[in-house]
Amino acid sequence: MTDDAPAIARAVGTGARTTPGDSPVGQPVKFYQVGSFAAGNRLLDEAHRSVQSTLGRTNSLTSGHRACQGCGEALGARYALDAAMRAAQGRMAVVNATGCLEVFSTPYPETSWQIPWLHSLFGNAPAVATGVAAAYRAKGRDDVRVVGQAGDGGTVDIGFGCLSGMFERNDDVLFICYDNEAYMNTGVQRSGATPPGARTATTEAIGREPGNPFGQGKDMPRLAMAHQIPYVATATVAELHDLEAKVEKAMSLRGARYIHLFVPCPLGWGSAPHDTIRLARLVKECGLFPVFEAEHGEVTSVSKIRRQVPVEDYLRLQTRYRHLFGSSEPGGSEGRPDIVERIQRIADANIRRLGLLDETLDEGPPPDGSGGGLSDRAAAGVL
Amino acid sequence: MDKPFAITLDPGSSLANHTGSWRVERPVYVDRLPPCNDACPAGENIQRWLYDSEDAGYEQAWRHLIEDNPLPAVMGRACFHPCETACNRGQLDEAVGINAIERFLGDQAIMNGWHVEPGKPGSGKRVLVVGSGPAGLSAAYQLRRLGHEVSIYEAAEMPGGMMRYGIPSYRLPRDVLKAEVDRIVGMGVELVVGRPVTDILELMGAGGFDAAFLAVGAQQSRNAYVPAGDATHVMGAVSLLSSVDAGSPPLLGRRVVVYGGGDTAMDAARTARRLGATDAVIVYRRTRERMPAHDIEVEEAAEEGVKMKWLSTIAGADQGRLVLEKMELDEHGFPRPTGETEELDADTLVLALGQQADLSLLSGVPDVVIDDGVVEVSEDMMTGHPGIFAGGDMAGPPRGGRVLDDRTVTVAVGHGKRAARSIHAWLQGVEISRPERHPLAVYEALNTWYYADAPRTERPRLDLARRQSSFEEVVGGLDESNALFEARRCMSCGNCFECDNCYGVCPDNAVKKLGVGKRYAFDYDYCKGCGICVEECPCGAIAMEPELI
């Protein structure tokens with residue numbers, strides 16, 4: 001290698017950004033084969049790799065848990081809490097609402113949790129988390145961080161009052177909602193986060209408007225933003241780097257913070273267990289689940305769609321939407337293309353509202369894990 | 001027991017719960033054959049040396065590369081890179097510039113003086129190699145590495161065969177060729193030039209050779225009957241190219257017509273342009289689609305102002321004029337004459353209708369079968385006569401081997417390697433064992449989401465004015481930054497490159513990371529068989545297998 005060896009080669013050795021002292025996002029070294037989007041990258045400095053690629057990750061939720069094959073929630077919880085553990089340098093307590101995550105991880109007397117973990121009731125996790133934070137404060141232990149977590153039922157329905165209060169008081173808690181869009185633990189009943197058209201045990205695929213009705217339900221990230229709390233972000237289990245960067249960012253702040261994490265449920269959605277991450281990828285790429293972050297009620301960045309797909313590509317992989325699609329068998333149903341079209345309009349509205357499409361080429365997330373689309377601060381100007 | 005109120009059991013871990021018992025299918029790590037490796041006629045492990053190049057380990061990459069091919073700087077220029085045609089990345093955006101990286105590595109080796117040790121201790125066996133083209137050099141190199149004494153007999157005054165006398169210097173500069181030949185000779189290979197072999201058995205006996213590898217190439221231009229008057233200058237393409245190399249280019253005149261549609265025809269026409277011909281016209285009896293020349297040669301020739309006349313044959317030549325007869329394709333795609341004629345001015349007619357081998361050195365050798373102008377060889381590249389092996393342009397495809405209808409430098413290098421390994425086994429009296437080929441890593445097995453968008457880096461090209469007047473090299477090389485970039489575009493199809501994705505995506509924490517270079521292992525005590533790792537493996541290196549009970 002000559003003295004004037006190109007910058008790209010030198011940067012490999014250090015894993016450094018090409019312009020030191022740049023913004024937190026910086027200008028990343030470009031990596032290709034080695035999966036800018038994959039968990040790890042052998043060409044990168046250890047410090048810049050994802051938490052999940054390291055041998056030293058906490059494995060907050062360890063093996064032997066009783067979640068179904070391909071559970072998105074189990075995966076999402078480990079992703080998020082391992083990142084939070086690294087950010088908190090191991091000093092962290094977690095409060096869990098009732099739900100799948102609690103039931104499959106902690107059947108008495110066993111537990112899968114390898115972190116301090118507390119369960120109380122279905123509806124009071126945010127309030128208990130507030131209390132834990134207050135207790136640590138009273139003991140002068142500001143170094144211990146508190147995370148509250150729940151499924152979508154425990155967040156948007158049953159625990160909503162407590163959560164709203166926690167937001168309003170700006171209690172020093174990061175609250176994570178693992179959204180799998182229904183009450184899965186009790187047998188797939190509709191929740192306030194169930195999307196329109198989806199079949200659940202309580203919104204059967206019958207009648208003129210089969211599945212969950214349109215025009216109902218709660219858009220929890222926007223409700224959280226309306227509380228003007230310091231930080232709100234959405235993420236999916238398909239974008240590990242983005243998720244870890246958001247958890248790290250949230251942990252760097254004080255006050256009430258909220259992360260809404262999209263976690264597919266093979267059992268409740270009728271999808272193949274191996275499609276869990278694929279579904280999380282498709283829901284973002286079709287526009288149905290916008291991935292963004294907001295500070296003090298204002299959207300500050302969005303993750304752009306990289307390879308746009310119609311919502312149908314996402315819906316067809318799930319039997320909870322089967323009634324929307326015709327059958328090729330003789331005498332089979334014609335499906336409900338009109339409903340698919342209405343769902344597509346929701347996605348299109350999200351894309352318009354948040355500026356999710358970009359003409360410029362996506363260069364991939366920076367390998368330092370600071371999140372792909374997040375680097376595009378210009379997007380905020382669109383909003 | 002001292003337990004709190006209402007608590008009767010000790011705390012336990014879920015690790016006691018072996019969820020692996022739920023599984024009906026199990027993921028397993030596999031290695032699949034990458035399409036580039038599959039397509040390489042020289043049998044290079046391309047993916048391996050790209051992997052080394054990705055973290056700037058160029059010498060390591062080069063050392064992996066030359067295990068199969070001792071001429072990377074030549075091949076990085078003269079190979080028509082079937083690897084890039086096969087490259088899966090071509091289906092995503094554009095193929096990885098494998099050929100450019102090979103050239104970069106070859107040039108680095110020349111620049112830094114990397115060399116190869118002969119390898120194993122002497123075997124006491126002597127092997128004769130006839131011909132110092134790519135096949136002969138490749139065989140000599142491999143045999144030397146296996147510890148044999150090797151002598152190359154070359155009929156011409158300079159080594160290189162068709163690399164020197166068939167490929168013009170604007171495609172392959174002579175200093176590059178010399179550097180790579182010198183490196184092979186430097187391993188202790190005896191090179192005897194200006195020594196045609198006329199009787200192989202006699203020479204083997206006289207020289208005490210235990211085996212011979214024949215690779216004399218196809219040097220004789222094929223002729224077609226063209227009724228020509230005395231005043232028309234007619235010459236063969238190979239003699240044109242070799243006289244240019246010898247430094248005594250013939251006087252061609254201003255208008256040159258080349259008859260034929262192969263790479264040699266393109267080279268002859270491009271050479272004519274460089275020698276000052278204002279008109280260089282290629283006459284070919286079929287269509288562009290059916291031309292045997294490689295696309296890149298046809299494109300570069302056209303860029304340099306070479307004109308093409310399709311569907312034409314030369315019916316006669318006299319007094320600086322050619323009579324062309326127009327052809328049409330019949331329903332089988334064969335050209336047939338139409339009876340229509342036209343005239344074309346030409347000072348020189350160059351015939352580039354293919355070459356054939358001079359096999360006279362084999363006359364009188366028992367059991368050697370010659371069919372359609374080439375020697376028949378077995379799977380081991382051995383002719384019918386024990387101990388005499390043959391390869392390169394003078395040999396037919398090895399029996400049982402893949403039929404590669406190209407006669408290229410790359411195929412010849414592959415023949416040389418295969419023959420050397422067979423000779424080594426034959427000299428020791430052992431059967432050669434060939435490992436089974438892994439199943440092909442097809443594009444559908446990849447999850448291309450994980451590869452960031454990265455357009456291909458093109459090599460610089462000499463500007464047109466200089467391409468029409470000088471023999472300077474047309475295609476430039478990559479510099480280090482873009483060679484590195486290009487290597488990193490490799491998707492590592494079918495073979496784990498330790499991206500940690502399986503380790504990351506397992507909801508059950510059932511993938512164990514074994515450390516750098518050791519890949520991963522499944523913990524089947526806890527793997528529930530969901531298959532997310534299979535689906536999300538970027539390069540298709542995990543497969544699902546039914547669980548046998």
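## The nonpolar core

A nonpolar core is here a set of buried Ala, Val, Leu, Ile, Met, Phe, Trp, Tyr and Cys residues joined through C-beta atoms within 7 Å. In this predicted model, the largest such core has 256 residues, and those with the most contacts inside it are A:Ala80, B:Ala212, B:Leu214, B:Val258 and B:Phe389. Helix α2 of chain A, residues 72-87, gives the most to this core, contributing nine residues.

Once its neighbours within four places in sequence are left aside, A:Ala80 is in contact with A:Ile176, A:Leu243, A:Val247, A:Ile259 and A:Leu261. In soluble globular proteins, nonpolar side chains tend to be buried together.

## The contact between the chains

Between the two chains, 54 residues of chain B are in contact with 52 residues of chain A. On the side of chain B that touches chain A, at least two residues each are supplied by β1 (12-13), α17 (480-487), α18 (501-505) and α19 (532-536) of chain B; by class, this side has 26 nonpolar, twelve polar and 16 charged residues.

Strand pairing also links the chains: strand β2 of chain A (residues 110-111) is joined to β1(B) by two bridges, and these strands run parallel. Within this pairing, A:Thr111 stands opposite B:Ser13 in β1(B).

## A parallel sheet in chain B

Chain B has an open sheet of five strands in the order β8-β15-β9-β10-β11, with parallel pairing. Its edge strands, each pairing on one side only, are β8 (233-236) and β11 (307-309) of chain B, and the twist averages 25 degrees from one strand to the next. Strand β10 of chain B (residues 279-283) pairs with β11(B) in the parallel sense over three bridges, and B:Val281 stands opposite B:Lys307 in β11(B).

Among the helices that pack on the sheet, α12 of chain B (residues 237-245) touches β8, β9 (255-259) and β15 (348-351) of chain B, and its direction makes about 80 degrees with that of β8(B). Helix α13 of chain B (residues 263-274) also packs on the sheet, where it touches β9, β10 and β15 of chain B, with a direction about 170 degrees from that of β10(B).

## Helix α4 of chain A

Helix α4 of chain A (residues 125-138) has 14 residues and reaches 20 Å from its first C-alpha to its last, close to the 20 Å expected at 1.5 Å a residue. Its buried residues are A:Ala125, A:Pro126, A:Ala127, A:Val128, A:Ala129, A:Thr130, A:Val132 and A:Ala133. These buried residues of α4(A) pack against elements of chain A that include β1 (92-96), β4 (145-151) and α6 (160-168). After α4(A) comes A:Gly140, whose phi is positive, near 75 degrees.

How values were computed:
Residues numbered from 1 in each chain as written. Chains lettered and ligands numbered in written order. Predicted model: local features only at pLDDT ≥ 70, side-chain atom pairs only at ≥ 80, totals over all residues. Contact = placed C-beta atoms within 7 Å. Helix = DSSP H or I, 4+ residues; strand = E, 2+ residues; numbered from the N terminus. Nonpolar A, V, L, I, M, F, W, Y, C, P; charged D, E, K, R; others polar. Pairing = 2+ DSSP bridges. Buried ≥ 20, exposed ≤ 12 C-beta atoms within 10 Å, placed from the backbone. Axes fitted to C-alpha atoms, helices over the stretch in contact; angles between N-to-C directions. Expected span 1.5 Å × (residues − 1).
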